[in-house]
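Subject: Structure handover

Hello,

Here is the structure I said I would pass on. My notes on what was found in it follow below.

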Amino acid sequence: MEAKLPENLPAHLGIIMDGNGRWAKKRGLPRSAGHAAGAANFKKLTRYCASIGIRYLTVYAFSTENWARPAEEVSALLVLFRQYLEEALRDFREDDIVVRFIGDTSAFPKKLQELIAETWEVSKDRKGMVLNIAMNYGGRAELVHAFQALARQVKEGALSPEEITEGLISGSLYTAGQPDPDLIIRPSGEHRTSNFLLWQSAYAEYVIMDILWPDFTPDDLNAALWEYANRSRRFGGV
Ligand code: IPE
Ligand code: IPE
Ligand code: MG
């Protein structure tokens, strides 16, 4: 019998949690109901990833472009984030999960920012999986933020332009110190990055699946992990 999981798991897995709106529409429900179902699934899949030994998990929860949605949908999402972070504070403790946030979280309401800071504070010394929640995250915005920080150092004379290397840029991103993602899964069937981990995904394997995020199960994840394990990663070599 085939093992449930391959031996060669990605050290860093990215998931673009997409398809909540279509999931709701199919059921004649408001989009916010899809986001609630998606948030519940986020919790379930995160705990599953920790249980199988994924070391870094980055989930795309809200992009810099998602502010363009109707105000009603954005506020429903903000309410959900608050609720789920409160739950995560309790639940992820049992799984020893470190919870970090990537993106410009200063744009969120103060209460949510406090919760974000608290979630990081109580989890930062844990030893288990690192969960990066990408909120108000955009790959381009992240690069702008990093280049501005480097430009400031050059202006102050602390850095010369020649000292700007790939490693220094990687170390100036929100994911500093973490390995690049090995595998990025996009449920919902869309074939695009939508501004997710642009720099870090240079050699990530992509698995696109025709399943809407709220329907995505641990078995679907296992299938993506098998597909990844059977890929030949050459990094430009032969
Ligand atoms: C992903 O689901 C959640 C967020 C972007 C916040 P969508 O809301 O994009 O769902 P679809 O793509 O419209 O189905
Ligand atoms: C990407 O999904 C962002 C998140 C899942 C948070 P979108 O639904 O925003 O992406 P597009 O608009 O289909 O490219
Ligand atoms: Mg979408």
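A definition before the notes: Ala, Val, Leu, Ile, Met, Phe, Trp, Tyr, Cys and Pro count as nonpolar, Asp, Glu, Lys and Arg as charged, and the others, Gly among them, as polar. By that scheme, the shell around ligand 2 divides into five nonpolar, two polar and four charged residues. Please keep in mind that this is a predicted model.

Ligand 2

The residues around ligand 2 are I16, M17, D18, Y60, A61, F62, N66, R69, R186, R192 and S194. Strand 2 (residues 56–63) gives the largest share of this shell, three residues.

For N66 the distance from a polar side-chain atom to an oxygen atom of ligand 2 is 2.9 Å. An N or O atom in the side chain of R69 is 3.2 Å from an oxygen atom of ligand 2, and for the side chain of R186 the corresponding distance is 3.4 Å. On its own, ligand 2 exposes 390 Å², and the protein buries 78% of that. The space that ligand 2 takes up is the largest pocket.

Ligand 1

Where does ligand 1 sit? Ligand 1 is also in the largest pocket. Around ligand 1 are M17, D18, G19, N20, G21, R22, R31, H35, A61, N66, R69 and L77. These residues divide into three nonpolar, five polar and four charged.

Helix 1 (20–26) and helix 2 (31–52) each supply at least two residues of the shell around ligand 1. The largest share, three residues, comes from helix 1.

- G19: a backbone N or O atom lies 3.3 Å from an oxygen atom of ligand 1.
- N20: a polar backbone atom is 3.1 Å from an oxygen atom of ligand 1.
- G21: a polar backbone atom is 2.9 Å from an oxygen atom of ligand 1.

Ligand 1 taken alone exposes 380 Å², of which the protein buries 87%.

M17, D18, A61, N66 and R69 are listed around ligand 2 and again around ligand 1.

Salt bridges

How many salt bridges does a search of the whole structure find? The search finds 18. One of them joins the side chains of R47 and D95, with 2.9 Å from N to O. This pair links distant parts of the chain, 48 residues apart: R47 is in helix 2, while D95 is in the loop between helix 3 (71–94) and strand 3 (98–102).

Regards

Definitions and conventions:
Residues are numbered from 1 along each chain as its sequence is written. Chains are lettered from A and ligands numbered from 1 in the order in which they are written. This is a predicted model: local features need pLDDT of at least 70, side-chain atom pairs count only at pLDDT 80 or more; totals for chains, interfaces and linings use all residues. Side-chain values use heavy atoms; hydrogens and water are left out. A residue is near a molecule or strand if one of its heavy atoms lies within 4 Å of it. A polar contact is a pair of N or O atoms within 3.5 Å; within protein, one must be able to donate a hydrogen and the other to accept it, and residues adjacent in sequence count only if both atoms are side-chain atoms. Accessible areas come from the Shrake-Rupley method with a 1.4 Å probe; for residues, only the protein chains shown count as cover. On a 1 Å grid over the protein atoms alone, a cavity is a set of points where a 1.4 Å probe fits but cannot get out, and a pocket is an open set with protein on both sides within 12 Å along at least five of seven lines; lining residues have an atom within 4 Å of a point. A molecule sits in a cavity or pocket if more than half of its atoms lie within 2 Å of its grid points. Helices (H or I, at least four residues) and strands (E, at least two) are DSSP runs, numbered from the N terminus. A salt bridge is a side-chain nitrogen of Lys or Arg within 4 Å of a carboxyl oxygen of Asp or Glu.
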